[in-house]
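Here are my notes for you to read with the structure open beside you. Take the points one by one and find each spot as you go.

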Amino acid sequence: MKGIRLVQAAPFRLALGFALALAGSTAAIFAYVYVETARLEIEAKRTYLELEVREALVMTDAELIDRVHTRLARDLRHNSVEALFDPHGILVAGNLASLPPKLPVDGLAHRLMTVPLVDSEPSRKEVILVADRRPDGKILAIGHDLDDVSALQHVVGIGLIRGMGPALLLALIFGAFFAARSVARIKALDRTIGRVMAGDLHERLPVSGAGDDLDSLTARINEMLDEIVNLVEEIRSVGDNIAHDLRTPLSVMQARLERALNERDPEALRGIVAKSLTDLGRTHATITSLLRIAEIESSRRFQCVGETDLGEIARDVYELYEPLAADKRIHFSVDSDSPALVRADRDMMIEALANLVDNAIKYTPAGGQVRIEIAHEADGPLLRVTDSGFGIPSTERSKVTQRYYRSDKSPNARGSGLGLSLVAAIAKLHGFRLRIADVRHGASVELACYQIA
Amino acid sequence: MTPRLSRPQVKANASILVVEDDPDMAMEILAGLKSQGYQPRHAANGTDALASIWAEAPDLAIIDRTLPGFDGLSLIAKMQEEGFHLPVLVVSALSSADERIRGLKAGGDDYLGKPFVMGELFARIEALLRRPTDVRETALTVGPLHIDLIERTAHRGSREMDLLPREFKLLEFMMRRPGQVLPRSMLLEEVWNYRFVPESNLVNVHMGRLRHKVDLPGEIKLIHSVKNVGFMLDEGN
């Protein structure tokens, strides 16, 4: 984008092209008018001259000579040629020095570029001449020059220049004006993009307010930057969280293994190794969950072409978790009677609901209740998991769906803390929403399975 | 924590080619395989691996997905081009679902994400080396256990066991692979068709229920837990 010049700007090129097209078409119109007018003018002259000669042939010598003199005397602008020659070609009267050799004596009009005029006459450029022989052998030649036709040419040319010059100039000025504006805007965008690329992600492209196509494009780019900032921020916080959640167990393991070096009792050693292995396993599980969330969030391949029945998903997950709930003496139930078809990826929906149920069972003490329900709202169906567990304080609700959040109020529950983040990622991918409903005892988490129009 | 197998190898001294570029990882895998009675070979890259396959015709190959030179999937493609159809276990740190599908599509027979527990590696090798009972069978018998796949009935000796559909499927899967260690992840994939790993140990709970119905107090235990890996069905003799 370095060095955008005015003449390279699209508006200027457009104006230039437009001006050229305008000039071309105007010139063509003028040329047509000129050629047609000149042709008609010359045609009229020819007919007139041929008629004159035919009339003059039958006059007496005296009448004819008188006519030649009168005509020449009246021809103040020196446009006419009139001459009478004797049968030997000697000038009797008129302004032609001699009969032009190229002029046939046939009573028809001919165009000649040069004519030999008597010395006293100003020279003529182009002349139409008619010559014919009288019964007595004398030759009469009458002509008229084409000065008035070239005068017409002149007028047309001047008209063309006077009319088109300003139009062209105006087009170029407007073109240059819009080009300059556009170049200035693009340069401003270019500078901002440079700053964003240099790392200042909070910079936003300037919107001119003209509401044109460039503005709407700029607005979209700004939205894109917002999304990028969100992602970068997420990655940053995940990085911090990974450092925390992985470093802590790793440091514990390190300390424990250092202690093991001085341990003599084989049973104690075995215990330390077993504990370290468990911790390692948990660390790996955390990494796996993180990668899975990243995979879902970056997933562009989205194969939810088919309709999925939420009821079937609810029953599958119920069947999967029923023994676990029974083991913990939790009253576990499912209400999936009404059919609820949604466009979603079946495997991911099972994964999402399994995570919600997993959490609910984990955070509900023995003797409590966990329930899977399908409810219908005006816009579509939703999956709801309600439990009678520790509940989620309202102050912590928005944090719960963020990665790595684990409520401090569940001391006995162990987990990677990533379950709800995973559900949130799956919901986001589908355009669904994860909500934490307000209940007096326990928690109620809802996955609204429809897109907001 | 490596389980000792209660049954002899299907093919004694099966030779296994380990294609792994990390020397420490390779050493651990080789030591583990030796402890299980296998004859492991090592190749650090694709070219050496192909040479080794030509020279020694191993029974199975464990191939790391990311190798220097040409990667694991290209190696599998080359092997197939050259007419070698030994079972392949792809091992990779790229364990996401997409990568897994790519690995299996490229011709791998099974896919194991790093990190893994050695016991799971052994279990998956064994599963690849053995062929499960013919799927067209209509009845299966392992020791005192007998199931009828058409009537959907299960008996231990003369005692009929009342199994839920999923429990029946689980028992059927295990009876097709007697004496074989079955990792939890494999059971979740094959019996439930789930690709995700739940945080809670669901397979244990389901297996606990099945065990409750199969092994009554006083009877010989047929379902055994293999610590850190999964479960095994014994013939009980």
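1. Before anything else, keep in mind that this is a predicted model. Let's start where the chains meet: 23 residues of chain A are in contact with 16 residues of chain B. Together, chain A and chain B bury about 1900 Å² between them, and carbon and sulfur atoms account for 56% of that area.

2. What about charges across this boundary? There are 2 salt bridges between chain A and chain B. One that you can look up is the pair Arg166(B) and Glu319(A), whose side chains meet at 3.1 Å, N to O. Polar contacts turn up here too, with 3 residue pairs across the interface of chain A and chain B.

3. Which helices of chain A each supply at least two residues of the side that touches chain B? They are α5 (266–297), α6 (310–327) and α7 (346–362) of chain A. The largest share comes from α6(A), with 9 residues. Sorted by class, this side of chain A has 9 nonpolar, 5 polar and 9 charged residues.

4. Now stay inside chain A and look at how α5(A) packs against helix α9 (residues 419–430). Their axes are 9 Å apart and the angle is about 10 degrees. Angles under 35 degrees count as roughly parallel, so α5(A) is roughly parallel to α9(A). On the α5(A) side, the contact uses Ser289(A), Arg292(A), Ile293(A), Ile296(A) and Glu297(A). The α9(A) side brings Ser421(A), Leu422(A), Ala425(A), Ile426(A) and Leu429(A). By class, that gives 6 nonpolar, 2 polar and 2 charged residues.

5. Compare that with a helix pair in chain B. Helix α7 (residues 184–191) and helix α8 (residues 202–214) of chain B have axes that come within 9 Å and cross at roughly 75 degrees. Angles of 65 to 115 degrees count as roughly perpendicular, which is why α7(B) and α8(B) are described that way. Arg184(B), Leu187(B) and Leu188(B) of α7(B) meet Val203(B), Asn204(B) and Met207(B) of α8(B). The residues of this contact divide into 4 nonpolar, 1 polar and 1 charged.

6. Last, zoom out to salt bridges in general: the count over all chains comes to 43. Where do its two ends sit? Glu82(A) is in strand β1 (residues 80–85) of chain A, while Arg71(A) is in helix α2 (residues 61–74) of chain A. The two residues are 11 residues apart, and the pair links distant parts of the chain.

Terms used. Residues numbered from 1 in each chain as written. Chains lettered and ligands numbered in written order. Predicted model: local features only at pLDDT ≥ 70, side-chain atom pairs only at ≥ 80, totals over all residues. Heavy atoms only, no water. Contact = heavy atoms within 4.5 Å. Buried area = accessible area lost by both parts, 1.4 Å probe. Salt bridge = Lys/Arg side-chain N within 4 Å of Asp/Glu carboxyl O. Polar contact = N/O pair within 3.5 Å; in protein donor to acceptor, adjacent residues only side chain to side chain. Helix = DSSP H or I, 4+ residues; strand = E, 2+ residues; numbered from the N terminus. Nonpolar A, V, L, I, M, F, W, Y, C, P; charged D, E, K, R; others polar. Axes fitted to C-alpha atoms, helices over the stretch in contact; angles between N-to-C directions. Parallel < 35°, antiparallel > 145°, perpendicular 65-115°, else oblique.
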